[in-house]
Each structure stands twice: as structure tokens, then as C-alpha cells.
Amino acid sequence: MFRYPPAAVNPEIVQLRHMRWVSLLEGTTLVALVFVAVPLEHLGGYPLAVTWMGSIHGMAFLLYVWMLIQTISGGDWTWPEILRAGVAAIVPFGGFVNERWLRRKQAGLSLAD
Amino acid sequence: MEYLWLKALHVAAALTWVGGEFAVALALAGLPTPRGEAESRRLRALRLWDRTVTTPAMLLLWGFGITLGMKGDWFHSPWLMAKLTIALALGALHGALSGTLRRAAVDPLRSVGSWPRHAAPAIVIGVTAIAILVVVKPF
């Protein structure tokens with residue numbers, strides 16, 4: 001019988017590290033969409049900026065939601081934590097705040113190991 | 001021609017993804033607790049497949065799907081909206097299965113519960129509905 005969790009590769013820590021990257025990606029594409037692409041369309045007359053940035057952000061948002069479902073399905077998350085991570089995805093700059101929170105959560109798991 | 005290539009790759013990614021999702025659903029259905037080393041090793045191998053093949057196939061599926069929808073100007077079609085809703089539900093199910101597999105693979109004492117037993121039938125229903133919507137385009 002092997003030990004749980006394996007000392008070198010706690011999958012929850014790896015999962016949170018991936019989640020942080022995806023949170024940054026989602027947050028960055030949302031900021032680019034809201035503060036770059038939308039002004040480009042309305043002030044600069046470039047509607048394609050929203051079309052393309054919207055698609056890229058759509059992919060990043062889907063990935064974030066999928067990763068969140070995957071993370072909470074394997075981890076022991078509370079409802080307020082799930083709600084917080086969900087709201088972070090729809091608020092501009094929320095992804096960056098979320099990344100810092102996930103980093104602290106990851107550090108807590110590392111200490112517990 | 002480019003559209004047909006995208007469509008072919010979209011279908012290939014879908015088949016790979018759904019196959020992988022079925023594998024996880026069936027592996028978790030009726031999983032005993034506690035599990036022996038052989039069972040845990042099988043779950044870890046499946047998790048490796050899920051991370052390296054099934055999940056990338058899902059990401060490619062989304063990418064090809066969005067590109068096809070834009071190129072074909074399908075996003076105004078009701079059938080596609082219905083299909084997307086079902087595809088997202090299947091994606092959410094895969095996320096839940098994948099997360100459960102992650103924990104089950106490393107913790108032989110953790111019960112996965114009884115819900116994964118319903119996952120495979122749900123996938124069959126979802127995939128059938130998607131096939132009908134895409135081929136027949138009823139609305």
C-alpha cells in the first residue's frame with residue numbers, strides 16, 4: 001500500500017498551480033476584451049477586435065470554469081470558496097485577485113504536507 | 001476545403017474526448033473502497049490518459065468548434081445553441097469525473113460515491129442528442 005498523499009507530487013498542489021495559471025489567463029483576456037477590444041470597436045471602428053478577443057476570452061472562460069469544476073470535484077472546497085472563485089471569473093481584474101488567493105491556498109496545502 | 005478539414009478534426013477530437021470520458025465514467029462506476037494497489041495503479045494510468053489525451057482533445061474540440069461556428073456563421077442557429085448547451089453539460093460532467101478520478105487515484109480510502117454510475121448513461125443520452133441536432137438540424 002502506498003502512502004497518501006505521495007510526498008513529492010500532491011496532485012491537489014499541482015491542480016491549484018494549474019488553476020492559478022488559468023485564472024491569470026482568464027483575467028488577462030477579460031481585461032483585454034473590456035478595456036482594449038471594446039473601446040477599439042466603439043471608438044476606433046474595429047468590430048473584429050471584439051469578435052476575435054471575445055472568442056479567445058470565451059475559450060479562456062470555458063477552460064477556467066472547467067478547471068474549477070475539476071478542482072472542486074477532487075478537493076475539499078467550501079461553498080463560499082466555490083462562489084468566490086466563480087465570481088472572480090466575471091469581474092474585471094478578479095482573475096488576478098483570485099490567483100493570489102489560490103497561491104495562498106496552495107501554500108497552505110504545501111505546509112500541511 | 002478548409003472548412004471540411006476543420007470539421008473532420010472537430011469530429012476526431014469529439015470521438016477521442018467522448019471515448020476518454022466514457023473510460024473515466026466506467027472506471028469510477030462501482031469503484032470499491034478501500035482499493036488495492038493494482039486498482040490504484042489502473043486509476044493512475046487512466047488519469048495520465050485523461051490529462052494527456054482526453055483533456056487536450058476537449059480543448060481542441062472547443063477550438064475547432066468555435067472556429068467552425070464563426071466560419072459557417074452558425075451561431076444564430078437554434079440547433080447549435082441546443083447542441084452547445086448539451087456539449088457544455090458533457091464538459092462539466094467530464095470535469096467532475098476527472099476531479100473525482102484525481103482524488104481516487106491517490107487516496108485508496110476515499111469513496112467516490114454512487115453518482116459516477118449514472119455518468120455513462122448520461123453521456124450516451126447527450127451524445128445521441130448532439131448527433132441528432134447536428135445531422136438532422138431539426139430547428
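The model is predicted, so local features are reported at pLDDT of at least 70 and side-chain atom pairs at pLDDT 80 or more, whereas totals for chains, interfaces and linings use all residues. Residues are numbered from 1 along each chain as its sequence is written, chains are lettered from A in the order in which they are written, and side-chain values use heavy atoms, with hydrogens and water left out.

**Chain B as a whole**

- Chain B has four helices and zero strands, in the order α-α-α-α along the sequence; helices (H or I, at least four residues) and strands (E, at least two) are DSSP runs numbered from the N terminus.
- Along the principal axes, the C-alpha atoms of chain B fill a box of roughly 50 × 25 × 15 Å.
- Buried residues make up 41% of the 139 residues of chain B, where buried means under 20% relative accessible area, exposed over 50%, and partly exposed in between (1.4 Å probe, protein chains only).
- Of the contacts in chain B between residues at least 6 apart in sequence, 81% join residues at least 24 apart, a contact being heavy atoms within 4.5 Å.
- Chain B has an accessible surface of about 7,000 Å², with 73% of it belonging to carbon and sulfur atoms; accessible areas come from the Shrake-Rupley method with a 1.4 Å probe, and for residues only the protein chains shown count as cover.

**The largest nonpolar core**

- The largest nonpolar core holds 40 residues, of which Tyr64(A), Trp77(A), Trp17(B), Leu28(B), Leu43(B) and Leu97(B) touch the most other members; such a core is a set of buried Ala, Val, Leu, Ile, Met, Phe, Trp, Tyr and Cys residues joined through side-chain atoms within 4.5 Å.
- Two or more residues of this core come from each of α1 (11-42), α2 (47-74), α3 (79-88) and α4 (94-112) of chain A, and from each of α1 (2-28), α2 (37-71), α3 (78-106) and α4 (119-136) of chain B, with the largest share, seven residues, supplied by α1(B).
- Beyond its neighbours within four places in sequence, Leu97(B) is in contact with Glu21(B), Val24(B), Ala25(B), Leu28(B), Trp115(B), Pro116(B) and Ala119(B).

- Glu81(A), Ile82(A), Ala85(A) and Ala88(A) are buried in α3(A), and they lie on the same side of the helix because they cover an arc of only 130° around the axis, taken from the directions from the helix axis to the C-beta atoms.
- Trp79(A), Pro80(A) and Leu83(A) are exposed on the other side of α3(A), while the cover over its buried residues includes α1, α2 and α4 of chain A.

**Salt bridges**

- Ten salt bridges are found over all chains, each being a side-chain nitrogen of Lys or Arg within 4 Å of a carboxyl oxygen of Asp or Glu.
- Asp76(A) and Arg103(B) form a salt bridge with an N to O distance of 3.4 Å; Asp76(A) lies in the loop between α2 and α3 of chain A and Arg103(B) in helix α3 of chain B, so the pair joins two chains.
- Within that pair, Asp76(A) is exposed at 56% relative accessibility, whereas Arg103(B) is buried with a relative accessible area of 9%.
- Glu81(A) and Lys105(A) form a salt bridge whose closest N and O atoms are 3.0 Å apart, and this pair links helices α3 and α4 of chain A across 24 residues.
- Lys71(B) and Glu2(B) form a salt bridge whose closest N and O atoms are 3.5 Å apart, and this pair links helices α2 and α1 of chain B across 69 residues.
- Lys71(B) is partly exposed at 47% relative accessibility, and Glu2(B) is exposed with a relative accessible area of 54%.
- Arg20(A), Glu99(A) and Arg103(A) are joined into one network by salt bridges that share partners.

**Backbone features and a surface patch**

- Most residues other than glycine have a negative phi, and most peptide bonds are trans.
- Thr33(B) and Pro34(B) are joined by a cis peptide bond with omega about 0°, and Pro34(B) is found in the loop between α1 and α2 of chain B.
- Asp73(B), in the loop between α2 and α3 of chain B, has a positive phi near 55° and is exposed, with a relative accessible area of 52%.
- Phe93(A), in the loop between α3 and α4 of chain A, has a positive phi of about 70° and is partly exposed at 43% relative accessibility.
- Phe93(A) also belongs to a nonpolar surface patch of about 560 Å², together with Val34(A), Phe35(A), Val36(A), Leu40(A) and Tyr46(A); patches are made of residues with over 30% relative accessible area and no salt bridge, like charges being joined within 9 Å and nonpolar side chains (Val, Leu, Ile, Met, Phe, Trp, Tyr) within 5 Å.
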